[in-house]
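Open the model in your viewer and keep the selection tool ready. The tour goes stop by stop.

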Amino acid sequence: MFEDLIVNPYHFWLILGGLLLAAELIGAYGYLLWSGVSAIIIGAISWLIPMSWGWQWAGFSALTMVVAILWWYWLKSRAKSETRPINEPNRLLIGKKLTLAEPIVHGVGRIVIADGSWRIQCSQDLPAGAEIRIVAVESITLIVEPTNALTTPSV
């Protein structure tokens with residue numbers, strides 16, 4: 001068996017890649033995944049282009065490092081582009097446009113969103129039927145502003 005691995009090194013790389021991928025299932029957070037993929041790629045290359053063990057190990061090391069760095073950059077860019085606030089679902093309301101069913105009096109009112117009633121606060125009084133946009137969330141209060149400049153304060 002070991003003689004076969006010496007004569008056909010791609011068998012070694014395919015077995016190593018399979019073992020690393022199986023170990024990844026236990027939970028290695030991606031590192032063994034890319035090491036396993038690198039081993040399989042080196043196995044395919046050594047099957048197509050015979051090379052010494054030293055070059056195979058060097059290629060495996062370099063490929064693992066390159067793929068790990070690319071994976072890290074991809075995760076980093078994905079984390080930056082992720083704008084959904086996981087632990088603050090109320091922040092998803094920011095930017096939403098709604099129509100008032102009740103007027104805002106003395107800068108305070110209420111609005112129904114889905115199945116909940118929210119306290120709203122605005123810098124000006126607005127009549128029922130005015131269109132508003134949520135600009136911020138402070139605790140359990142939604143800070144709103146009118147969507148158009150033509151809305152006049154009610155007396």
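Contact here means heavy atoms within 4.5 Å. This is a predicted model: local features need pLDDT of at least 70, side-chain atom pairs count only at pLDDT 80 or more, and totals for chains, interfaces and linings use all residues. Residues are numbered from 1 along each chain as its sequence is written, and side-chain values use heavy atoms, without hydrogens and water.

Select Ile 113. Leaving out residues up to four places away in sequence, Ile 113 touches Leu 93, Lys 96, Leu 98, Trp 118, Ile 134 and Leu 142.

Next, select Leu 100, Ile 111, Ile 113, Ile 120, Ile 132, Leu 142 and Val 144. These touch the most other members of the largest nonpolar core, which has 16 residues. Such a core is a set of buried Ala, Val, Leu, Ile, Met, Phe, Trp, Tyr and Cys residues joined through side-chain atoms within 4.5 Å; buried means under 20% relative accessible area, with a 1.4 Å probe and protein chains only. E4 gives the largest share of this core, three residues.

Now show strand E4 (residues 131-138) and strand E5 (residues 141-146). They pair in the antiparallel sense over six bridges. Strands are DSSP runs of E, at least two residues, numbered from the N terminus, and two strands pair if DSSP finds at least two bridges between them. Which residue stands opposite Val 137 in E5? Leu 142 does.

Zoom to the turn. E4 and E5 form a hairpin with two residues between them. Ser 139, in the turn, has a positive phi of about 60°.

Last, select Lys 97. Its bridge partner in E4 is Arg 133.

Conventions: Helix = DSSP H or I, 4+ residues; strand = E, 2+ residues; numbered from the N terminus. Buried < 20%, exposed > 50% of the residue type's maximum accessible area, 1.4 Å probe, protein only.
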